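I opened my notebook to record what I looked up. The entries follow in the order I made them.

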Amino acid sequence: MRFLGLDSSTQSLTALVIDTDTGEVIDRSVAFGPRLPGYKSPNGFLASEDPRIKHSDPLMWVEALDLVLGDLRAAGVDLRAIRGVSGAGQQHGSVYLGRTIDEAGAWSSREPLVDQVRPLLSRKTAPIWMDASTGAECAEITRAAGGDDKMVAITGSVAIERFTGPQIRKFSKDDPAAYEGTAEIHLVSSFIASLLTGQSAPIDFGDGAGMNLLDLAAGAWSPQLLDATAPGLKRKLKPAVPSASYVGTVADYFVSRYGFSPETPVIAFTGDNPSSLVGMGATEPGTAVVSLGTSDTMFAAMTAPRTDPKGYGNVFGNPAGGFMALCCFSNGSLAREEIAKKFSLGWEDFAAAILERTKPGNDGNMLLPYFVPEISPRLPAPAVRWFGAPDFVAGKNPAAAARAVVEAQALSMRIHSAFIGEPPRRILVTGGASKNAGILRVLADVFQAEIVPLRVGNSSALGGALRAAQAVEGRPWNVLYTRFAAPDLDRRVTPDQGSKVTYEGILPQLQDKIKDLLAQTPPRR
Ligand code: ADP
Ligand code: XUL
């Protein structure tokens, strides 16, 4: 049978079709910048005078949905054969509607969807996960909830700028009339599911946990946090649901425009990271995933919802049941690119610098690579510090610089993910930088774990298709993973045992340097 997965991410919308009988996969992506230039969002968000503000136009996502389904059809995919749809969205972003989709969503197939959604918006733009303008609201919510510990105990995370609750609070303060006129608030994931079904789709536990509003233990919005966030918020959110919930059927609009079968079931959409956990076949505890994208993330399934006492890591719902932990590092590819640019290194040179011209421990050369404000550890401003030999500190040793940025990232990832539990023996890697053998080598040595790339990209969209297949067809996860999430064993990297002692020695040194840096940083509140 055939299933469709969608992923509305920061820079593109991907649609991916799997055939569970033949193992065939076909996908198409619409990159917002080049395909929808009218939205003036080359990287998926609108320009803003205040660099802390990052918003997108939700209508860009609506238009992209039409475009990507059109692209699939043009590629010869028969959408009539699709037996179920699910998907994912970039986490934390929020969409504000003056009328609910239940009231408005009997979409006419004679008019483009974007023209039918435009009049529904009670707020023209959607704050996204990159927004960092809600520091005051985080502090207010935390105070009302009774402190950071209380926030973590209820929601699995401290109140964080990029999360949805603080975004909602800021809107309610900045424009109380428009907030008052908002009938329904969606995450990106539930918004896309609502477009697809023409019904108000609920938020799932996986993505809902990234709002600073969900009581993880109860699986319901926390009354205390609803009150702490904004007046009347309960009425604007549907109850959250388990990720495997059926939320409707594909709307007639898509049946008549793209040839879907009537009554094609739609399963709740989730966040892109929970969806990738499925797409990488990592929903059982024991295997961690490192995603090396614009930012780097590390996440893993957990049996019980362990929380990060330092407050950097987050807990989300695992779409296959239970929970997952996630650590997000803003200085991922962004920081590696800074070094590559500064020393004019191509990615091949960058890998060779690590593999051939330097060795574990980097002869004592070390870098704090915070080129942009960091989430883990929390640094509100850039901070780059060089330590070691004079030529390295003077910026005259390109090979050591390449190794230094990656060693610092991997060690910091190890330090900041320790709360998740047992150190992983196997780490699956994905994202643009997972092509780089030098980076994989350092990860293997620092974690003393086997590093395994997967064959398929687009793990979040694949997760959507697999979740639809699992819910509709009932195939066990393992069978689906064997078929669609097979590791690329040819590119597997195993740890060099000899480097273990070196890194055990360096880890506390880096930890101290991070501690010193944090001590120079003004307290958050
Ligand atoms: P996202 O989905 O977060 O937008 P991707 O997973 O597509 O990002 O990764 C894009 C990043 O991958 C680019 O910013 C680039 O820095 C990095 N990248 C691409 N190829 C390589 C490579 N061979 N080595 C290291 N980094 C790479
Ligand atoms: C996770 C996070 C990002 C977005 C990106 O907490 O903020 O990974 O989900 O799509």
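Is R492 buried, exposed or partly exposed? I found R492 partly exposed, at 40% relative accessibility. The cut-offs: buried is under 20% relative accessible area, exposed is over 50%, and partly exposed lies in between, with a 1.4 Å probe and protein chains only.

Ground rules next. This is a predicted model, in which local features need pLDDT of at least 70 and side-chain atom pairs count only at pLDDT 80 or more, while totals for chains, interfaces and linings use all residues. Residues are numbered from 1 along each chain as its sequence is written, chains are lettered from A and ligands numbered from 1 in the order in which they are written, and side-chain values use heavy atoms, without hydrogens and water.

**Entry: salt bridges**

I looked up the partner of R492 and found E450, with N to O at 3.1 Å in a salt bridge. The term means a side-chain nitrogen of Lys or Arg within 4 Å of a carboxyl oxygen of Asp or Glu. The pair links distant parts of the chain, 42 residues apart: E450 sits in strand β21 (residues 450–453), and R492 in the loop between α20 (477–484) and α21 (499–519). Helices (H or I, at least four residues) and strands (E, at least two) are DSSP runs numbered from the N terminus. E450 is buried, at 18%.

I searched the whole structure and got 22 salt bridges. One of them joins E140 and R169, with the closest N and O atoms 2.7 Å apart. E140 lies in helix α5 (residues 135–145) and R169 in helix α7 (residues 164–174), so this pair ties together parts 29 residues apart in sequence. E140 is partly exposed, at 23%.

K341 and E338 form another, with the closest N and O atoms 4.0 Å apart. Both are in helix α14 (residues 333–342), 3 residues apart, so about one helical turn separates them. K341 is exposed at 59%, and E338 is partly exposed at 32%.

**Entry: strand β15**

I checked the cover on β15 (residues 296–302): 7 of its 7 residues are buried. One side carries D296, M298, A300 and M302, and the other T297, F299 and A301.

Which strands pair with β15? Strand β14 (residues 287–292) runs antiparallel to β15, joined by 5 bridges. Strand β17 (residues 323–329) also pairs in the antiparallel sense, over 7 bridges. Pairing requires at least two DSSP bridges between two strands. A hairpin of 3 residues connects β14 to β15. V290 stands opposite M298, and M302 opposite F323.

**Entry: ligand 2**

I listed the residues around ligand 2, among them R162, D272, N273 and W129. A residue is listed if one of its heavy atoms lies within 4 Å. I then looked up polar contacts, pairs of N or O atoms within 3.5 Å. An oxygen atom of ligand 2 is 2.3 Å from a polar side-chain atom of D272. For the side chain of R162 I noted 2.8 Å, and for that of N273 3.1 Å. The protein covers 94% of the 290 Å² of accessible area that ligand 2 has on its own. Areas use the Shrake-Rupley method with a 1.4 Å probe.

**Entry: ligand 1**

Residues around ligand 1 include T294, E337 and G432. A polar side-chain atom of E337 lies 2.3 Å from an oxygen atom of ligand 1. The backbone of T294 supplies a polar atom at 2.9 Å from a ligand 1 oxygen. Taken alone, ligand 1 exposes 590 Å², and the protein buries 65% of that.

Notes:
A polar contact is a pair of N or O atoms within 3.5 Å; within protein, one must be able to donate a hydrogen and the other to accept it, and residues adjacent in sequence count only if both atoms are side-chain atoms.
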